[in-house]
Amino acid sequence: MRIDIATLFPEMCEAVLSESILGRARKNNCLTVNCHNIRDYTLDKHNRVDDMPYGGGRGMVMQADPIYRCYQAIEAQVGVVPHRIYLSPKGSVLTQARACELAAMPHIFLLCGHYEGVDERVLEEIIDEEISIGDYVLTGGELPALVLVDTVARMLPGVLPETCCFEEESHFHGLLEYPQYTRPAVWHDKKVPEVLLSGHHQNVEDWRFAQSLMVTREKRPDLYMDYLNKK
Ligand code: 9WO
C-alpha cells in the first residue's frame, strides 16, 4: 500500500515513520509512505502558504493553491486518483472497522491542516472523506495522520512479526485485550496467574477470553454491549 502525506511539517512525520515497526515495514517494502512539504508547491515569492481569514478573526488560514498543486504533483506521479482524506475534528471518528477498510485500499492521500484551518474550496475539490481520531482539537492534523498510518500499517501483511497477533485479535473481535505477563513469575509479591504457567493451551485460551469479556464489561460497557448485540 502507498500513502502520501501533505503537510507543512514533513520532518515531524518522517521522524515517527522511521522508527520501530513502521520504519521496518517501510524498509521491507510492506508499506510506502511519502511525506510532502506543501511549502515546496507555493508560487509566492516569499514562500507563503497561509494568509488572514476573510471576514476577520484570529490566526491564519492555509491557502488553497499550494495544497492543490502538491496534491496534483502526487496524482501525476502515481497516475491514479488515491482515496483522499483530510484529518479534521469535523470528520467521522476513526474505528478499527474503518481502519480495516482503509488497509484494503492501494493508495491513500492524507492532508494535514495547521493554524486555524484550510481554505474550504480546496477541501471541496480534492477531499473524499474527513476523518477525526477523537473529539478534541489539536494544533494540526499531523499527529492524527500518523495515528491513522500506524493503525492501518499494522494490518498489512508482513508488518507485524507474527501473523498470529493479528489473527488472535480478530478471534476476540471487538473486545479489549486480556492482561499480559512476562518474567519474573513473582514480582513485588505478585504472582503470574497459575493457568499461564500450566502449558495447557486450551485453558490459557479460555482464561484469556474470559478476561477479555470481564475487562471490556468493566472498562468499556459500550463496547461490551456492541459485542453482545453482534453475537
Ligand atoms: C482553530 C480555530 C480557531 C478559531 C476558530 C475556530 C478554529 N478552529 C480551529 C481548528 O480546528 N484548527 C485546526 C487545527 C485546523 C486543522 C488542523 N487542526 C486540527 C486537526 N486540530 N485537530 C485536528 C484533529 C484532526 C483529527 N482528529 C482530531 C483532531
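The shell around the ligand is made up of ten nonpolar, eight polar and two charged residues; here Ala, Val, Leu, Ile, Met, Phe, Trp, Tyr, Cys and Pro count as nonpolar, Asp, Glu, Lys and Arg as charged, and the others, Gly among them, as polar. The model is predicted, with local features needing pLDDT of at least 70 and side-chain atom pairs pLDDT 80 or more, while totals for chains, interfaces and linings use all residues. Residues are numbered from 1 along each chain as its sequence is written, and side-chain values use heavy atoms, without hydrogens and water.

Of the 20 residues around the ligand, Arg-58, Tyr-86, Glu-116, Ile-133 and Leu-138 come nearest (a residue is near if one of its heavy atoms lies within 4 Å). A polar backbone atom of Ile-133 is 2.9 Å from a nitrogen atom of the ligand. For Leu-138, a backbone N or O atom also lies 2.9 Å from a ligand nitrogen. On its own the ligand has 600 Å² of accessible area, and the protein covers 77% of this (Shrake-Rupley method, 1.4 Å probe). The largest share, four residues, comes from β5.

A further residue worth a look is Asp-119, which lies in the loop between β6 (107-111) and α5 (120-126) (helices are DSSP runs of H or I, at least four residues). Asp-119 counts as buried because its relative accessibility is 18%, and buried means under 20%.

Technical notes:
Polar contact = N/O pair within 3.5 Å; in protein donor to acceptor, adjacent residues only side chain to side chain. Helix = DSSP H or I, 4+ residues; strand = E, 2+ residues; numbered from the N terminus. Buried < 20%, exposed > 50% of the residue type's maximum accessible area, 1.4 Å probe, protein only.
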